[in-house]
Amino acid sequence: MWTYLKRQQAYLILGVFLVVLSFIHTHISPYLRQLLILSGINIILANGLNLISGITGQLSLGHAGFMAIGAYASAYLSVFVTGPESFAFLLNILAGGCLAGFFGFILGLPTLRLKGDYLAIVTLGFSEMIRVILLNMDSVGGARGLPQIPHNTDLIWTAGAVGLSLIFIYRMMKSYIGRAFLAIRENELAAQSCGINITKYKVISFTSGAFLAGIAGALFAHQLSYINPSIFGFIKSFEILIMIVLGGLGSLSGATLAAIILTFLPEALRPLQQITQIDFRMIIYSSLLIVMMLTRPSGLLGKRELWDFKIFGAFRRS
Amino acid sequence: MVFGILKLINFAHGDVYMIGAFVGYYAARFFGLLHEPSISSFGIVLISSMFICAFLGFLIERIAYRPLRSAPRITSLITAIGISLFLEYCAQLIFGPDPKVFPQILNSVNLVQWGEVALNSYHVLIFSVSFILMVLLRFLVLKTKYGQAMRAVSEDVKVANLLGLPTNTIISLTFIMGAALAGAAGVLVGTVYPRIDPLMGIVPGIKAFSAAVIGGIGNFPGAVLGGLIMGLSEEMVAAYWSSSYRDAIAFAFLIIILLVKPSGFFGKYHPEKV
Amino acid sequence: MRRNMTVATILTNVFVSLIFVFSLGCTKKQQQSSETSKKSSQQNLETNDTILIGAVLSLTGPEATFGISTKNAIELSFEQKNKEGGVLGKKLKLITLDNQSKPEESAIAITKLITQDNVVAVLGEVASSRSIAMAPIAQSNKIPMLSTASTNPKVTELGDFIFRTSFIDPFQGPVLARFVFENLKMKKVAIFKDVKNDYSIGLSQFFKEKFVELGGQIISEQSYSAGDMDFKAQLTAIRSAKPEFVYLPGYYTDVGLILRQARELGIKVPFGGGDGWDSPKLFEIGGKATEGGYFSNHYSPEAEDPFVQSFVKEYEAKYGTVPDALAALGYDSGIIMIEALKNSKSLAGTDIRDALAKTSKIKGVTGIITFNSQRNPIKSAVIIKIEDGKQKYVTTIDPS
């Protein structure tokens, strides 16, 4: 009964959210709309990485690589195979996600026995390899990039994808699989001795995270209408990592919140730049990052969720 | 080195190296050594750059890392990235984003010409300065009391603290030394490749980290071997195979090496105990 | 624990409300500004006012140096015009937004310029990748965009509101190919390109096509990534191929180092490149190694032309450096835009577009510029040889 109610409630909130969105979609400025779409994409990216690094505790620096795979696969399909119809778009997004997930699976299988920094280096190396290979693939434009991708991604598509991926991760966290992930993060040895198949769960987490990154990449490609390999460098991976650490590792709502903040922050700092005529936007951004980490080392929310706080208690059913 | 002792990925290291190169650039102007290439002017520039970088390293450790010593490692990783971004953008603002030309503080002379292979005075210089610094470092770490304390801290910070070692001071000193070395590297690179710009530290930072990981964390010969492998594999691939796939193949090597030897070449394997 | 929770709650609340206020502010500002812009465009007819022009440029990030010299030059051209009394009695005002050298940021910045700041036209970007990300947005909002230095032919194919001031790769690549084959009489060439840079890839592709068509031979193709320090491995491979000429279409930031190392390795054949070579920094970084190099360019700073001379002088007086090719292109983009505004019927996007399309025989630093039907300039290229640390004019090659 309890879970049933909760689920119904969640769907209800999502439904209301979508209706509101489709209403404001046409009423807000294109600038704000673009920022909202970008934050949506960042939410999916951050939560995908959160699944790998925050919940399962495997430090990955290669998220941009999976994003690149999703972006390129879906863009290739849209440009050369299908065209801009929305149904084809849906299939292309899924194809991008699946290909990224598949790569996550093959990379995850042998490498997940590595720990900590070694894993971080391998994932970093993997994403750099993807980037260099894309640079040399003339069929997708190489360094010149792939232009004229149909501009399919709008606010509603993004919101739908964000909603579905959040539900996906939330359900996963609350299931047996999610508990196994947490156990692996807390203590691998203990988890193993409790009969949890570590490799299996690590690969599940890695594959799902990569899948989500692929989806986000596909949305990104169809939003910008143009992609090139330099977009998906390791700096992008770091940006996503910063989001989840700032939000609180392992916290779903924390990563979401941080993704939104970090998308809006550089834009919010623009007026300052125009007044002073000096570009210290990024300096402020980086010093805020340092100050944040010093004052709240475990991120905005820590391991908790937004609804764990007293002020949001009204929404909590317990 | 810092990495080995603190078990901390210091992404800001590459940027300290960048600052080192710029300090060298301005030091050479300040002391008016632009037109007098000689060993002594090189020495002055090198030492001033090492000195200022050491101070910078001290500041970074004090402000950004010390308060986070007990925090999860990923937090300090993010702080390191934050500092690295901060240094890069500050440098772009202060020094300007256009590449600067590092002054010629040492004459380039071909010492030995042997067929197609030439031995330049620069190569001798880089080799000898890094050799001297390596020997000094090894001596410091293995033979002095301070080095012993450093290794103790590296083994276990808590126990070292219990034994009455001033761990904070020691970690600070380690940072200072690491930063001074990075500054020296900046000047050396500036002398040989006379183009310095505010973003020059990013790629070397990542590569140095990779080299340290391949060699086995916290192990000197390992780091040197790791650096050699990284460098050689890149050069070999570029020269004999395909220069456009160079980075991809170098990283593929890296992944294979780590799959075969999961803790690097000389890394100690710590079996986990319950 | 409790204290932490409250702190966190406050923090999150502050952030959420900040975003909320910010987003409200955005929508409100837009309404207001669209109202005021309507008002101001009406007022424009009677009173003295300003014309807002936007620019999206890389002021930070890896390509900041190119964005800043472009920005300086555009500002110089506007300032000169304003001193003369502006366009139609109105002052020109440039709003420059930074894009951190990223395509996705460029798309956001141009959206902001068009929908929030209500600019009448947009200048930028230097790199083709970022221009391509911006072009669809300018096109769909019917705001003309004049790219200063994007050389990829794709850029202006994206819509009839997109113009450019620079050569396109299919023109500039073959120019040097013809020069090397016909004037220098060399048949065996090696190419050394920047694999990360679309400009370099484009130039080397069209150079290669033309050179092979003429009957020449490409005997070795090597690549590097911008920002590398050591190029000896690739250069060794080039040396063993024994070319007569090496085509090196990169930016001066890397070219200087490459030339230096090539000479150290004993490669004595001449090198050549495109307009990316044009900067005083090239001689500083490369030193004597740049001697004897050839490159194709828009103009020669040594040219007797008083127009070029006065530009070089004023730029140097204001910013303390000799202008590079990107600054020259930025300056010309400013001039073309000013001319178009002068001839435009109104400040509506379509009118400015029509005026831009009619651009013909405008005297700029980079030559006499006329736009063709593909919205690309028709202008001649010069070949420059480097001698005694100076650029020396060799010959002019007209478009054919």
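User: In which sense do strand 6 and strand 7 of chain C pair, and over how many bridges?

Analyst: First, a word on conventions. This is a predicted model, in which local features need pLDDT of at least 70, side-chain atom pairs count only at pLDDT 80 or more, and totals for chains, interfaces and linings use all residues. Residues are numbered from 1 along each chain as its sequence is written, while chains are lettered from A and ligands numbered from 1 in the order in which they are written. Strands (E, at least two residues) and helices (H or I, at least four) are DSSP runs numbered from the N terminus, and two strands pair if DSSP finds at least two bridges between them. Here, strand 6 (residues 188-194) and strand 7 of chain C pair in the parallel sense over seven bridges. Within strand 7 of chain C, C:Gln217 is the residue opposite C:Lys188.

User: What is the strand order of the open sheet of seven strands in chain C, and which strands stand at the edges?

Analyst: The order is 7-6-8-9-10-14-15 in chain C, with mixed pairing. Strand 7 (217-224) and strand 15 (390-397) of chain C are the edge strands; each has a single partner strand, so one side of each is left without a neighbour in the sheet. Neighbouring strands of this sheet are turned by 25° against each other on average, direction ignored; axes are lines fitted to C-alpha atoms, for helices over the stretch in contact, and angles run from 0 to 180 degrees between N-to-C directions.

User: Which residues touch the most other members of the largest nonpolar core?

Analyst: In soluble globular proteins, nonpolar side chains tend to be buried together. A nonpolar core is a set of buried Ala, Val, Leu, Ile, Met, Phe, Trp, Tyr and Cys residues joined through C-beta atoms within 7 Å. A residue is buried if 20 or more other C-beta atoms lie within 10 Å of its own, exposed if 12 or fewer, and partly exposed in between, with C-beta atoms placed from the backbone. The largest core has 287 residues, of which A:Ala258, B:Cys53 and C:Val122 touch the most other members. Helix 2 (residues 30-55) of chain A gives the most to this core, with 15 residues. Not counting residues up to four places away in sequence, C:Val122 touches several residues, including C:Ile110, C:Leu113 and C:Met145.

User: Is A:Glu186 buried or exposed?

Analyst: A:Glu186, in helix 7 (residues 176-186) of chain A, counts as exposed because it has 10 C-beta neighbours inside 10 Å.

User: How many residues of chain A are in contact with chain B?

Analyst: Two residues are in contact if their C-beta atoms, placed from the backbone, lie within 7 Å. On this basis, 35 residues of chain A are in contact with 35 residues of chain B. Helix 5 of chain A gives the most to the chain A side, with 10 residues.
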